[in-house]
Amino acid sequence: MLLLFTGITAIFPYAITYKEQYYNLFHTHYQQYPEDVIENIYWLERAVAADFCHPQNALAKITDETTWEKYRYLFMMHVNIKLADQHLRLGRTWDKYKAYFYDEPWKEEYLRNLDTAETCYSMGLYYWNEAKAWAEKANAKKFMFLYITDQQFWEDERERIYTGDLDYERTINRELARIQSVKDTLNSMNGSY
């Protein structure tokens with residue numbers, strides 16, 4: 001009864017339904033633990049699946065339909081880049097960068113972990129290919145002189161993908177090749193430790 005008169009107001013939660021709202025839940029910690037990365041992947045995947053908010057509530061100033069179209073392409077490109085990056089971070093949790101002769105007693109465990117890392121890296125490659133597809137759409141001729149300056153970082157990512165300066169595919173393929181090499185080394189161990 002006393003609480004009714006203390007001036008405490010009710011807190012009403014609101015539903016998160018739009019891409020931009022889910023994207024705003026993505027955050028980077030100074031030191032990312034696997035559960036932080038998994039949480040980020042969850043929010044980013046929800047952002048990919050959700051609808052865009054009204055142009056008035058976008059993360060950039062939208063003045064016409066062409067700007068709105070490019071904004072959506074850039075947003076999807078950026079979210080997919082973040083998903084590729086987060087899958088790389090998650091894969092590093094289970095990655096064994098080099099196999100030593102004394103790793104033989106734990107060979108099976110290392111191989112299972114490398115399979116998990118390989119799956120994470122492969123998912124990162126999938127999202128990178130999605131990001132490249134969205135960047136290509138944002139590079140259409142009709143957007144040649146249209147820049148969304150409120151999200152200059154997204155524009156920079158798009159340009160870096162176009163010029164090849166930003167290439168997660170090269171990094172991911174290098175990691176997958178290295179994992180295969182470590183697997184081959186572990187599989188060749190015959191118990192001579």
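Visitor: Start with the largest pocket. How many nonpolar, polar and charged residues are in its lining?
Guide: Keep in mind that this is a predicted model. The lining of the largest pocket has six nonpolar residues, one polar and four charged.

Visitor: Which residues line the largest pocket?
Guide: Here is the list: Lys70, Ala138, Asn139, Ala140, Lys141, Phe143, Met144, Tyr147, Arg158, Glu159 and Tyr162.

Visitor: Which helix gives the most to that lining?
Guide: Helix α5, which covers residues 152-163. It provides three of the lining residues.

Visitor: And what volume does the largest pocket have?
Guide: About 150 Å³.

Visitor: How does anyone find empty space in a model?
Guide: A probe the size of a water molecule is rolled over the atoms, and that shows where space is left empty.

Visitor: New topic. How many residues does the largest nonpolar core have?
Guide: It has 48 residues. Tyr71, Phe75, Ile81, Trp128 and Tyr168 have the most contacts inside this core.

Visitor: Which helices each supply at least two residues of this core?
Guide: They are α2 (34-49), α3 (65-94), α4 (107-138), α5 and α6 (168-188).

Visitor: Which one gives the most?
Guide: That is α3, with 13 residues.

Visitor: Back to Tyr168. Which helix is Tyr168 found in?
Guide: Tyr168 belongs to helix α6.

Visitor: Why does Tyr168 count as buried?
Guide: Because its relative accessibility is 15%, and buried means under 20%.

Visitor: What does Tyr168 touch?
Guide: Setting aside residues up to four places away in sequence, Tyr168 touches Ile81, Ala84, Asp85, Leu88 and Trp128.

Visitor: How many residues apart in sequence are Tyr168 and Asn24?
Guide: They are 144 residues apart in sequence. In space, they are 23 Å apart, C-alpha to C-alpha.

Visitor: Now His78. Where is it found?
Guide: His78 sits in helix α3.

Visitor: Is His78 buried or exposed?
Guide: His78 is buried, with a relative accessible area of 2%.

Visitor: Last topic, cysteines. Are Cys53 and Cys120 buried or exposed?
Guide: Cys53 is buried, at 7% relative accessible area. Cys120 is buried too, at 8%.

Visitor: And how many disulfides does the count come to?
Guide: Zero disulfides. For a pair to count, the cysteine sulfur atoms must be within 2.5 Å.

Definitions and conventions:
Residues are numbered from 1 along each chain as its sequence is written. This is a predicted model: local features need pLDDT of at least 70, side-chain atom pairs count only at pLDDT 80 or more; totals for chains, interfaces and linings use all residues. Side-chain values use heavy atoms; hydrogens and water are left out. On a 1 Å grid over the protein atoms alone, a cavity is a set of points where a 1.4 Å probe fits but cannot get out, and a pocket is an open set with protein on both sides within 12 Å along at least five of seven lines; lining residues have an atom within 4 Å of a point. Grid points are joined across faces, edges and corners, and a volume is the space filled by probe spheres set on the points. Helices (H or I, at least four residues) and strands (E, at least two) are DSSP runs, numbered from the N terminus. Ala, Val, Leu, Ile, Met, Phe, Trp, Tyr, Cys and Pro count as nonpolar, Asp, Glu, Lys and Arg as charged, and the others, Gly among them, as polar. Buried means under 20% relative accessible area, exposed over 50%, partly exposed in between (1.4 Å probe, protein chains only). A nonpolar core is a set of buried Ala, Val, Leu, Ile, Met, Phe, Trp, Tyr and Cys residues joined through side-chain atoms within 4.5 Å. Contact means heavy atoms within 4.5 Å.
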